[in-house]
Amino acid sequence: MAGESNIRTALSNPAGWQSLLSFSILALAYLAAFSSRLFAVIRFESIIHEFDPWFNYRSTHHLVNYGFYNFLNWFDERAWYPLGRIVGGTVYPGLMVTAGTIHWLLNSLHITVHIRDVCVFLAPTFSGLTSIATYLLTKELWSQGAGLLAACFIAIVPGYISRSVAGSYDNEGIAIFALLFTYFLWVKSVKTGSIFWAGCTALAYFYMVSAWGGYVYIINLIPLHVFVLLLMGRFSYRIFVAYCAFFILGLLLSMQVPFVGFQPIRTSEHMASAGVFALLIAYGFLKYLHTHLSSLTKSEMRSLFFFAVAASAAAVLMAVVYLTYAGYVAPWSGRFYSLYDTGYAKIHIPIIASVSEHQPTTWVSFFFDLHVLVCTFPAGVWFCIKKINDERVFIVLYAISASYFAGVMVRLMLTLTPVVCILSAIAFSNVLERYLVDDTPKVHHIEDESEDDEEGDKRNKSKDLYDKVTKTAGKVRKIRHEPSGEPESLGGNVKTIVVMAVMMILMMFAVHCTWVTSNAYSSPSVVLASYNHDGSRNILDDFREAYYWLRQNTDDHSRVMSWWDYGYQIAGMANRTTLVDNNTWNNSHIALVGKAMSSNETRAYEIMKALDVDYVLVIFGGVIGYSGDDINKFLWMVRIAEGEHPKEIREGDYFTPQGEFRVDKAGSKTLLNCLMYKLCYYRFGEMQLDFRTPPGFDRTRNVEIGNKDISFQHLEEAYTTEHWLVRIYKVKKQDNRVRLDHTVRKTDIKPKTKFTSRKSGKRKRGFIKNKLLIKKGKRPSSKNKKPSRKSSSKK
Amino acid sequence: MADCRKIFSTFVCLSVVFFLLVVDSPALGVKKKENALGDKVQQLMEWSSKRPVIRMNGDKFRQYVRAAPRNYSVILMLTALQPQRQCTVCRQANDEFQIVANSWRYSPSFSNKLFFASVDYDEGADVFSTLKLNSAPSFMHFPGKGKPKKGDTFDIQRTGFAAESIAKWINERTDVHIRVFRPPNYSGSIALGLLFTLIGGLLYLRRNNLEFLYNKTSWGIGALCIVFAMTSGQMWNHIRGPPYAHKNPQTGQVHYIHGSSQAQFIAETHIVILLHAAVTFGMVLLHETAVSKGDVGKRRIVTLVGLGIVAFFFSLLLSIFKSKYHGYPYSFLIK
């Protein structure tokens with residue numbers, strides 16, 4: 001803290017003091033947002049996480065090496081063999097371009113950074129920017145104090161950290177910043193009604209479109225806002241100007257992104273914005289007529305106006321419906337439709353239903369990701385509705401729609417998180433600003449001084465960064481709202497108690513966030529860690545071991561078959577051609593791989609030959625007890641294969657008659673002999689992990705495997721990593737001579753005795769000296785004597 | 001004695017041959033068989049044109065489904081629809097089955113190769129005993145030739161009895177593809193229409209006094225209801241359909257809170273709604289008392305009550321969360 005004299009001079013200029021405080025709080029929030037996302041980097045290393053980020057990294061690498069235009073025209077022949085993928089036209093390039101720009105900027109300043117480090121730290125950097133954008137938005141909506149509180153909340157809330165830790169180099173990392181910044185600019189343009197701000201909104205929207213498919217949410221929420229404002233009778237020319245400018249510019253800009261192309265005018269998801277635009281134009285036109293037709297009476301005018309607006313709304317709706325039916329506008333795509341009809345994906349699109357982040361959300365995960373915010377943000381909604389104005393309508397609509405979407409899909413928790421932070425910041429600040437005010441009648445000067453001393457004490461005492469920020473955030477409000485004409489004071493004690501309790505709860509929140517970030521969201525999932533009893537750590541680096549083996553030991557053009565989850569990692573780390581990957585655009589190709597995995601070896605070999613497969617890679621967690629392995633995912637492979645090949649693959653065959661999925665002896669024969677089972681458990685039956693368990697004991701499923709006698713005919717084991725997590729098999733070339741897979745048929749017919757002439761039979765056939773002769777018809781008791789007699793006689 | 005047996009067997013053989021010769025001359029037999037088959041098919045067609053699912057009793061079952069000359073498949077539903085049986089599952093299964101049967105009956109590929117039939121337990125208990133069944137509902141397929149095999153019993157436990165999965169199973173067993181056509185469910189749209197007309201009517205009736213539309217409290221309560229419903233996982237309940245609560249069969253103890261963080265009971269979500277609402281209410285109360293003008297003592301009490309509500313219900317929520325999320329270390333006020 002500065003000295004006494006400094007405070008006094010600063011106090012003479014409260015505005016400067018206030019901006020200094022808010023600046024330092026924002027800087028601290030930025031720092032907190034950045035540093036709380038670094039757990040994974042500190043514990044492991046600067047590495048790209050999970051699956052999708054590997055693709056983004058690979059394409060960023062391509063962009064940096066070959067330039068922007070080559071990136072846009074990039075045809076990737078290493079994915080989706082033999083189809084290939086037009087990468088430039090099927091990605092949202094915003095992320096790669098952002099990272100590439102930062103890399104270029106740093107390098108041109110002679111700060112040489114590897115592109116991987118730029119990618120790893122991009123998400124934390126942008127989370128800091130997100131917290132600033134949140135501050136700006138909340139400040140427009142409510143007040144500066146609430147804005148600071150919201151910035152602190154979003155900096156550390158787990159719902160957002162989950163997708164933006166260092167190394168999680170994905171679209172969402174920058175998209176949430178773009179989303180909030182667009183919303184801030186939109187609110188600003190609604191407030192001012194200036195074309196400048198609307199143009200800025202369109203630019204921010206363009207950035208969002210280039211970054212994430214979730215831009216559809218913006219282009220539906222903003223028209224909804226305008227529509228509701230019209231319904232509420234809050235039409236004004238500010239809204240008219242803001243929306244028309246934003247819509248036209250945004251439409252034109254969004255069509256510049258190659259992946260989006262003509263979608264904004266050809267699909268149903270965008271039709272709401274066009275419809276609202278038409279309606280707004282009609283409304284504005286009628287308003288204009290209104291000023292010229294003053295001959296009518298007022299009531300006539302009102303009814304005429306009402307019916308004209310209703311008619312134009314109906315006409316717009318009919319036009320959209322007609323265009324959809326006539327085929328000019330594509331109907332809702334499955335992914336969006338499944339948000340409305342929640343059972344849709346489960347029946348029709350197993351590949352969407354199979355992804356865990358597309359599951360509905362339990363209340364536990366809401367609480368886990370938002371903690372105290374989830375039960376206080378409804379209070380913020382309440383305050384906003386109570387003091388409604390044009391822009392608060394927007395935030396209320398945002399809250400309601402986002403909470404619906406987050407309920408349907410865990411993944412969309414990400415869009416709910418910012419609004420929850422904003423609204424609970426409003427709720428907390430609204431409460432705190434009443435209780436933090438020291439409104440005991442005092443001389444003005446002394447009052448302020450005492451407050452600042454108190455604040456200084458708090459700063460010194462508090463060790464928790466976030467907590468400090470929230471406290472000071474409350475203070476800023478107080479300075480603006482000088483108590484004047486307020487109701488009688490509640491008394492210092494009650495206020496202190498309330499403030500203390502609220503601070504306790506906020507402190508709990510900060511602690512919770514740190515715990516969740518550290519424990520749940522900071523694992524790279526490429527590198528696994530296990531902890532011993534004494535707390536020491538084992539790093540299981542099997543994935544990279546296997547991918548580097550592939551990179552070093554296989555032909556550059558060899559093709560690796562694996563389940564689609566690992567496609568991006570194989571392409572990114574091993575640099576080998578894959579058949580399917582995480583961009584699940586071709587369901588039938590995935591189903592073919594699923595069919596190969598779930599057929600027996602002979603059938604699978606035919607498919608693998610048809611697809612030119614050289615290596616097969618499976619993930620097997622039975623040795624270390626890793627639950628996300630291929631056997632646990634296997635039923636989805638069967639289901640997806642069944643969807644395309646219902647004749648050959650039947651899900652029921654992989655269950656026991658009791659309807660259980662078991663890998664032990666009781667499991668179904670089809671399962672125990674399918675390719676996936678054999679690849680995972682090959683020679684596993686010889687391995688005894690523990691003295692207490694039998695050989696071939698699977699630790700993930702806690703059973704002894706049912707088929708220990710596995711041998712391959714068309715494949716051979718190529719590599720198995722240290723903990724057996726990744727197993728790679730080589731597919732043999734076809735034999736020169738096709739060996740029969742069965743032994744030659746044996747018959748009971750004895751070879752015919754050779755023809756012998758009767759004349760010289762004995763001589764020709766040869767004879768044995770001293771051969772025992774048996775004479776028939778004699779009793780066996782005499783048999784013993786006879787030969788002896790005979791032999792003796794011959795002698 | 002051996003001789004005696006030999007003679008007897010010869011006699012039996014002879015008599016059988018004789019019997020066959022006299023009674024069942026081969027040509028006649030085939031013709032009669034065809035006749036019987038034709039009659040049966042005709043009869044079945046007649047029935048199924050009346051109603052897509054043929055109701056059968058024990059005799060009909062033996063004659064048309066069990067007896068040998070058949071060139072048609074029968075999908076049989078064994079069920080117990082009488083009200084006194086109290087089988088709600090049967091009713092749902094029956095509805096789905098009717099949908100499949102109707103789709104088949106009115107599909108362009110309708111033929112006499114496949115029939116749908118049902119046997120009610122109260123009309124043909126003997127059928128259940130001959131098929132060795134002791135549970136209803138169950139679906140069986142009787143192929144045109146031979147006896148039902150393992151896969152000919154529909155696995156309700158695993159696949160459920162949605163019309164689509166029944167149709168898929170039929171497709172597997174008989175190679176007859178049935179495109180399930182559900183009669184469009186108008187109840188939703190009718191309810192929506194009714195709601196809108198009701199609202200419209202109310203608005204029209206009160207057209208002189210539309211002030212209530214500007215009532216922020218009711219709009220606020222509506223918005224909060226949606227938010228509470230969504231954040232407490234009602235959508236999860238809607239999609240997954242969990243039980244209301246779990247009763248332990250051994251001890252008779254009722255659990256309202258699911259033990260794992262991956263699932264929840266309906267009762268649990270209701271509790272969570274209440275807790276969320278209480279915390280929100282406490283926050284609003286804290287704010288309202290601070291700005292209201294009134295007796296200071298009263299306001300102090302209300303403030304403390306509001307604070308108590310926030311702290312208590314939040315810590316309750318936290319403790320429930322802790323009990324579900326194993327390994328979570330923190331708690332507040334309540335363990």
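In which sense do strand β5 and β6 of chain A pair, and over how many bridges? They pair in the parallel sense, over 2 bridges. Strand β5 covers residues 559-561. Across this pairing, A:Val560 stands opposite A:Thr578 in β6.

The model is predicted, so local features need pLDDT of at least 70 and side-chain atom pairs count only at pLDDT 80 or more, while totals for chains, interfaces and linings use all residues. Residues are numbered from 1 along each chain as its sequence is written, chains are lettered from A and ligands numbered from 1 in the order in which they are written, and side-chain values use heavy atoms, without hydrogens or water.

Now the whole sheet. In chain A, 5 strands form an open sheet, in the order β6-β5-β7-β11-β10, with mixed pairing. Its edges are β6 (577-578) and β10 (715-720), each pairing on one side only. Strands here are DSSP runs of E with at least two residues, helices are runs of H or I with at least four, and both are numbered from the N terminus. Two strands pair if DSSP finds at least two bridges between them. Strands of a sheet pair through backbone hydrogen bonds, either parallel or antiparallel.

A:Thr720 stands opposite A:Arg727 in β11. β10 and β11 form a hairpin with 5 residues between them. In that turn, A:Trp724 has a positive phi of about 60°.

Next, the cysteines. With a disulfide taken as a pair of cysteine sulfur atoms within 2.5 Å, the count over all chains is 0. A:Cys244 is in no disulfide, and the nearest cysteine sulfur, that of A:Cys200, is 17 Å away. A:Cys244 is buried, at 14% relative accessible area. Buried means under 20% relative accessible area, exposed over 50%, and partly exposed in between (1.4 Å probe, protein chains only).

Turn to chain B. An unreviewed UniProt entry lists residues 186-205, 217-236, 271-289 and 301-321 as "transmembrane region". Such annotations may be inferred rather than shown by experiment; positions follow the numbering used here, and feature names are shortened. Residues 186-205 of chain B are 95% helix and 0% strand, with end C-alpha atoms 28 Å apart. Residues 217-236 of chain B are 90% helix and 0% strand, with the end C-alpha atoms 28 Å apart.

B:Lys293 lies in the loop between α11 (266-291) and α12 (296-324) of chain B. B:Lys293 is exposed, at 69% relative accessible area. Its C-alpha atom is separated by 39 Å from that of B:Tyr204, 89 residues apart along the chain.
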